[in-house]
Amino acid sequence: MPGPANVGGSRILLRKLREIMETGGVAQERLDRLVAMIASTMVADVCSIYLTRGAVHELFATEGLKSEAVHRTRLKHGEGLVGLVAETAQPLNIADAPHHERFSYRPETGEDPYNAFLGVPIVRSERTFGVLVVQNRASRIYGEDEVEALQTIAMVLAEMVASGAFGDLSGLADVEARASRPELLHGRAFSDGLAIGTVVLHEPHAPLGRVIADDPVKEEQRLNDALSQVRTTLQDMLDGDPGRISGVSREVLEMFLMLANDPSWETKLKHGVRAGLSADAAVERVRGEHRAKFNATRDPYLRERLHDLEDLDNRLLRALAGVDGAAKQDMPADAVLVARELGPAELLDYGAERLKGLALEEGGATAHAAIVARALGIPMVGLLPGLLSRVEAGDAIILDGERGEVRLRPEEAVVSAYQERIQFRTARAAEFARIKDTPAITQDGAQMTLLLNAGLALDVHHLDEVGAEGIGLFRTEFQFMVSETLPRLESQTLLYRDVLETADQRPVTFRTLDLGGDKVLPYVTAEREENPALGWRAVRIGLDRPALLRYQLRALISAAAGRRLRVMFPLVTLISEFDAARALVDRELDWARKHGRELPAVVEVGVMVEAPALAWSIPALKGRADFLSVGTNDLMQYFFAADRGNARVSDRYDILSPPALRLLKQIREDADAANLQISICGEAAGRPLEALAFTALGYRRLSMPASGVGPVKRLVLSLNAGEAADALSPLLHSDLPSVRAELTSIAAARAWAL
Ligand code: PEP
Ligand code: MG
C-alpha cells in the first residue's frame, strides 16, 4: 500500500501538470515542459513521451535523451521496452534495461548510460495512446509510490490526448482522428433486427476533462455519496424481491454487498482522490487494476471475484455519472448499449423499452444475454473484438443484427441506406400482422399448424403477436441459464404455470432440461469433455442423476393441475432411455396422487428425434410415446458429423440436400405408420424455403422462432402442397450437394412466396 508521501507526490505532480496546461502555448512546447517537470519532480535523469501513431510508437518529447531523436525515433509495434509496455498495457519497472531481452538500442537517442527504466502505458478506456517513460543512470527498481505517481500522470495525459487538450497537435492527427472516423466491425448476429442509435456504455469511464479534481474535499464527498448510493441500492435489492428471475440472486447480491463494504476497496479509491484525481478517475484507475489482475489470473474463483469487483467499480462510476438505478431513464431514447460482456439479468434490468440494440465485445458462443435479447426483441451483435477501444459514449452507431455487423459513426449515406432497410422491415412486419389470424391452409387445402419455440415467460407473449397456434417447443433450460443460481422447485412451478396461463387454451410442449453440450450453467462447474455435443448432456444427465429431472417433472405436473400437460425429452438415443424417462413421469404422477395433489387433466409424453439412432427406431415408439418432434439442429449436426456451433463447418452441409431430405421423409413416414403425431422444431422450420420442403415431405406441424411465423405463414398461404411434393420427389434422389437452387426456382415459377 503506498504511503502518504505518494499522495503528496502525486498531488504536486498533478498541480504542476495543471499549471502547464493552463499556461497555454503550442502543443510541442507544453509537452516539452511536461517532460522536464516530471523529470525534475521525480528526480529522474530522463523522462520521455512516446505516442502511438498508426503502426509506430514515436518519441514526441524528451528530457534527458538527445533532442534530435524527437519525432525521429519510431518503434514498431512490440519493438523495444516501449513496445512491450504498449503491448501488455502494464507498467514495466526494471533495474537493468540494456540487458533486457526486449531492449532495442537506438543510437540517436543516446540512452545507453541509463539502467533503471520505468514505463507506464498511456491508456484510456482500453485504448493505448502511447507510453510514458522515466529512466535513471543508477541501477534501481522504482518504488511503488513512484510507479503510481507516473501512472496517475499517464492517465491524465491520456485524457488530454483524447480530448484534444493539446490543441492542434498536428503530429497526433492519427490518434485524434481515430474517434471520429467511421468504422465497420464484423461480429456475430445473436438477435435479429436493425437499430440506428446512440452509444451508451455499460461500463462508463470518467468524463473527459474531469480527471484532475478542482477541489479534493468536494471530490471526496462525491465519492462518499456515490459509495453510499451503491451500497444502499444493493441492500435494497437484497431486501426486495430476491426470487424474481430478472434480479441478481441472493448469494450474488450478498457477495457484492460484502465487497462493497470492504474497507480496502474504499481506501484505494480515497487514496486516488486525495492524490488529486477526480472521483471518477480514481474509480477508473482502481478498475484498471482489477481488469489487469483479471486478465492475468487463471484461477476461476479469483477471476469471478475480480469480475465482481469490476462490476462494483462500474456501478460506482454509473452512480458518479448519475446514470444508475432510476436515472437510467435518462438514457437517450435511441440507446444502443455497448459492453464487454453482459449477464442476462443485467440486460433484463435495462429492459426492452430503454434499449434499441446491444453490442458486446465478447458474448461467447453461449452468450446467455442472447437468449434474453431474442425474447425481448432487441437486436444484438456479439464477438466484436476491439469494440470498446473504438467507441465513445454518445457516438452514432448502426447495429445490424441480420449480418452481425456494427458501424460506428456512420456516414450519412450509410444511415439513409439503413433507414430504408428499417422501413422495409416495418412494411414486411405490417404484412405479416395482416395475415396473422388467417388459418395456415395451403392453396390445395393442406392444413398446417404453426407453433412457436419459446424459453422464457417473455416469449409467450409472442403467441398473440405473431398468431401462432401454441408452443411447440418450450426450452426449460433457459430459466436455468439466465438465473444465477439453480432455480428452486417453486420458481420452476411458477414459470410453468405462468406460461400455461398466458398460452391460455393453446397447447404448450415443455421440453425437459437440455443441459450440457453448448448449454452451460454459470453456477455449475462442468467437467471438461473432449466432445461436449457427444457428451453427457440432456436426458443422459437426467437419467444418471434423476433428482433434478424428477423435481422438474414435479414442477410441471403441479403447474398443469387440471390442464393438459405435454412434456418431451431431448436427445433420447435408445428406446430404453425413453422408457426410463417415461417411468419417471409415472413415478411423479404417483407421488402427486399420493400427496393428494390435483393432477393434470391429460398427460402426453413425447420425444425429440435428434439422435440418428432414434430416427431409425420410430416403429418401436408406437404405443410408447404420444408424439414426436424432430430437432433438426441436433439431428443434422449428428447426421453430417458437423458441429452446429462451429461456423467453419455448420454451413458446409445443407439440410436441403438429398440424403437429409430422405432421412426426414423416412422419419415422417415411420411416424405416420406408427400413428404418432410429428412436428419439426429446429430453427430450419422458421425459414420459408425449408418449410416448403418439409411441407412437401408431408410434415404438417412446424415449430419455430417468433420471427419465422410471419414469413412461413405467407409461404403456406401461397403454396400448393401437392405440387410441392411432386416437384421435390425427383430431386430426392439427385446427387447434388443441395437442392436449394432447384427448389428456389420451382417456387419462383409458381409464385410461392419465399
Ligand atoms: C434441435 O436440436 O433442433 C432443437 C430444437 O433443440 P435445441 O436447438 O434446443 O438443441
Ligand atoms: Mg437439440
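Trainee: In which loop does alanine 538 lie?

Mentor: The model is predicted: local features need pLDDT of at least 70, side-chain atom pairs count only at pLDDT 80 or more, and totals for chains, interfaces and linings use all residues; side-chain values use heavy atoms, leaving out hydrogens and water. Residues are numbered from 1 along each chain as its sequence is written, with chains lettered from A and ligands numbered from 1 in the order in which they are written. Helices (H or I, at least four residues) and strands (E, at least two) are DSSP runs, numbered from the N terminus. Alanine 538 lies in the loop between strand 17 (508–511) and helix 18 (539–544).

Trainee: Is alanine 538 buried or exposed?

Mentor: Its phi is near 50°, a positive value in a residue other than glycine. Buried means under 20% relative accessible area, exposed over 50%, partly exposed in between (1.4 Å probe, protein chains only). At 4% relative accessibility, alanine 538 counts as buried.

Trainee: What is the relative accessible area of leucine 383?

Mentor: Leucine 383 has a positive phi of about 50° although it is not a glycine. The residue sits in the loop between strand 12 (380–382) and strand 13 (396–400). Leucine 383 is partly exposed, and its relative accessible area is 34%.

Trainee: How many helices and strands does the chain have?

Mentor: The C-alpha atoms fill a box of roughly 90 × 60 × 45 Å along the principal axes. Buried residues make up 55% of the 754 residues. The chain has 29 helices and 22 strands.

Trainee: Which residues are closest to ligand 1?

Mentor: A residue is near a molecule if one of its heavy atoms lies within 4 Å of it. By that test, 14 residues surround ligand 1. They divide into 3 nonpolar, 4 polar and 7 charged; Ala, Val, Leu, Ile, Met, Phe, Trp, Tyr, Cys and Pro count as nonpolar, Asp, Glu, Lys and Arg as charged, and the others, Gly among them, as polar. The closest are Arg475, Arg511, Glu610, Asn633 and Arg644.

Trainee: How much of ligand 1 does the protein bury?

Mentor: Start with polar contacts (N or O atoms within 3.5 Å; within protein, one must be able to donate a hydrogen and the other to accept it, and residues adjacent in sequence count only if both atoms are side-chain atoms). Oxygen atoms of ligand 1 lie 2.8 Å from a polar side-chain atom of arginine 511, 2.8 Å from a side-chain N or O atom of glutamate 610 and 3.0 Å from a polar backbone atom of aspartate 634. Accessible areas come from the Shrake-Rupley method with a 1.4 Å probe; for residues, only the protein chains shown count as cover. Taken alone, ligand 1 exposes 290 Å², and the share buried by the protein is 99%.

Trainee: Which element gives the most to the shell around ligand 1?

Mentor: Two elements give two or more residues each: strand 16 (471–475) and helix 23 (632–639). With 3 residues, the top contributor is helix 23.

Trainee: How many residues apart in sequence are the parts tied together by glutamate 610 and aspartate 634?

Mentor: Glutamate 610 lies in the loop between strand 19 (602–609) and helix 21 (612–615) and aspartate 634 in helix 23, so the pair ties together parts whose separation in residues is 24.

Trainee: Why is helix 27 largely enclosed by the rest of the structure, and which elements does it pack against?

Mentor: Of the 13 residues of helix 27 (residues 706–718), 10 are buried, so the helix is largely enclosed. Among them are Val709, Val712, Leu715 and Val716. Contact means heavy atoms within 4.5 Å. The buried residues pack against helix 13 (412–435), strand 15 (449–454), helix 15 (462–466), helix 26 (688–696) and strand 22 (701–704).

Trainee: Which residues does arginine 421 touch?

Mentor: Arginine 421 is in helix 13. At 19% relative accessibility, arginine 421 counts as buried. Not counting residues up to four places away in sequence, arginine 421 touches Leu194, Asp400, Glu402 and Arg403.

Trainee: What distance separates the C-alpha atoms of isoleucine 655 and glutamine 637?

Mentor: Isoleucine 655 lies in the loop between helix 24 (647–650) and helix 25 (658–673). It is buried, at 8% relative accessibility. Glutamine 637 is 18 residues away along the chain, and the C-alpha separation is 9.9 Å.
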